Amino acid sequence: MRIRIVDAFTDRPFAGNPAGVLLLDAFPDDDRLQRVALEVNHAETAFAHRLPEGGDADWALRWFTPATEVAMCGHATLATAHVMHTTGAHEGPVRFATRSGVLVATPLEDGSITLDFPTAPLTPVEAPAGVAEALGAEPHAVLDTGRDLGDLLIEVSDEKTVHGLTPDHKALAAHSERGIIATARAEDPTRGYDYVSRCFFPNVGIDEDPVTGSAHTALAPFWSGRLGRPDLTGLQASPRSGRVRTELRGERTLLSGRAVTVIDGELLA
């Protein structure tokens with residue numbers, strides 16, 4: 001198996017969110033996929049194989065964390081599309097058949113790639129008892145992001161608070177299916193982003209995800225509603241950091257960013 005490591009939602013190596021990408025002839029058994037993902041040990045490893053022509057999708061795509069398979073992953077989808085377009089495995093828009101339906105990745109002339117994902121349904125909820133202590137900040141608003149994401153979206157007071165979070169990951173695990181998205185309005189929008197976020201996913205083996213495309217399907221409608229614009233840019237303020245351009249289109253959200261291949265090798269085992 002040929003394996004590549006790609007940094008997604010960044011235009012430079014050693015930033016953004018790294019993902020393993022393997023283009024296969026067919027999927028091996030699930031145990032093998034999980035073992036490979038554990039060996040890669042990044043937030044997600046993507047596995048894809050080509051589908052017969054004439055169907056609704058061009059490639060089948062699955063994503064695994066080191067601990068489990070997930071229903072949706074933005075950065076590993078971006079990484080997979082980047083590998084396909086830079087190696088000639090696929091030209092033009094690519095349709096992926098996934099557990100979250102058909103997702104389309106379109107290369108743009110500026111070198112970035114746009115993903116077409118379902119918009120997360122947001123439902124305001126009461127802050128669960130103990131979540132403020134686990135996160136280390138008082139929630140200003142709490143929203144459920146629906147079954148596909150399985151996160152709680154928590155708005156905190158300001159950008160400085162987001163940067164300074166040091167959550168109790170074990171305690172956070174009790175409050176959602178996947179994890180917590182913490183967010184706040186940008187302190188200075190002239191820096192090129194409209195809001196900040198950090199994502200903590202202890203329930204799928206990821207204490208903090210560097211840059212989370214899927215989380216922006218919830219962040220986009222939340223901040224578009226607050227700021228009154230469909231087109232925004234989010235900064236995910238993890239130590240590696242990365243930016244995601246979002247465009248809200250009703251039930252769909254477009255996520256755009258760049259990617260860089262940093263390792264290209266062969267899986268021997």
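Biologist: Which residue in β17 does Asp116 stand opposite?

Modeller: Asp116 stands opposite Leu254 in β17. Keep in mind that this is a predicted model.

Biologist: How do strand β8 and β17 pair, in the parallel or antiparallel sense?

Modeller: Antiparallel, over 6 bridges, with β8 covering residues 113-118.

Biologist: And β16, how many bridges does that pairing with β17 have?

Modeller: β16 and β17 are paired over 5 bridges, in the antiparallel sense. Within that pairing, Arg245 has Ser256 in β17 as its bridge partner.

Biologist: What sits between the two strands of that hairpin?

Modeller: There are 2 residues between β16 and β17, and in this hairpin Gly250 takes a positive phi near 65°.

Biologist: Changing topic. How many salt bridges does the structure hold?

Modeller: The structure holds 15 salt bridges. One of them joins the side chains of Arg240 and Asp7, at 3.2 Å from N to O.

Biologist: Why does the pair of Arg240 and Asp7 tie together separate parts?

Modeller: Arg240 lies in the loop between β15 (231-236) and β16 (242-249), while Asp7 is in strand β1 (residues 2-8), so the pair connects parts that are 233 residues apart in sequence.

Biologist: Buried or exposed, those two?

Modeller: Asp7 is buried, with a relative accessible area of 2%. Arg240 is partly exposed, at 28%.

Biologist: What about Asp194, which residue does its side chain meet in a salt bridge?

Modeller: Arg229, at 2.7 Å from N to O. This pair also links distant parts of the chain, 35 residues apart: Asp194 is in the loop between β12 (179-185) and β13 (195-201), and Arg229 is in the loop between α6 (216-227) and β15.

Biologist: Why does Asp194 count as buried?

Modeller: Asp194 has 14% relative accessibility, and buried means under 20%. Arg229, at 37%, counts as partly exposed.

Biologist: Which residue does Arg191 form a salt bridge with?

Modeller: Asp188, with the closest N and O atoms 3.9 Å apart. Arg191 counts as partly exposed at 46% relative accessibility, and Asp188 counts as partly exposed at 27%.

Biologist: Which residues are linked in a network of salt bridges?

Modeller: Asp30, Arg62, Glu69 and Arg99 are linked that way.

Biologist: Back to strand β1. Is Arg4 buried or exposed?

Modeller: Arg4 lies in strand β1 and counts as buried, at 9% relative accessibility.

Biologist: What is Arg4 in contact with?

Modeller: Leaving aside neighbours within four places in sequence, Arg4 is in contact with Ala19, Gly20, Val21, Val83, Thr87, Thr261, Ile263 and Asp264.

Biologist: Which residues are closest to the centre of the largest cavity?

Modeller: Of the 13 residues that line the largest cavity, the closest to its centre are Glu44, Arg178, Asp209, Thr212 and Ser214. The elements that give two or more residues to the lining are α2 (74-87) and β14 (206-209).

Biologist: What is the lining like by class?

Modeller: The lining of the largest cavity has 5 nonpolar, 5 polar and 3 charged residues.

Conventions: Residues numbered from 1 in each chain as written. Predicted model: local features only at pLDDT ≥ 70, side-chain atom pairs only at ≥ 80, totals over all residues. Heavy atoms only, no water. 1 Å grid on protein atoms, 1.4 Å probe; cavity = no way out; pocket = protein on both sides within 12 Å on 5 of 7 lines; lining within 4 Å. Helix = DSSP H or I, 4+ residues; strand = E, 2+ residues; numbered from the N terminus. Nonpolar A, V, L, I, M, F, W, Y, C, P; charged D, E, K, R; others polar. Salt bridge = Lys/Arg side-chain N within 4 Å of Asp/Glu carboxyl O. Buried < 20%, exposed > 50% of the residue type's maximum accessible area, 1.4 Å probe, protein only. Contact = heavy atoms within 4.5 Å. Pairing = 2+ DSSP bridges.
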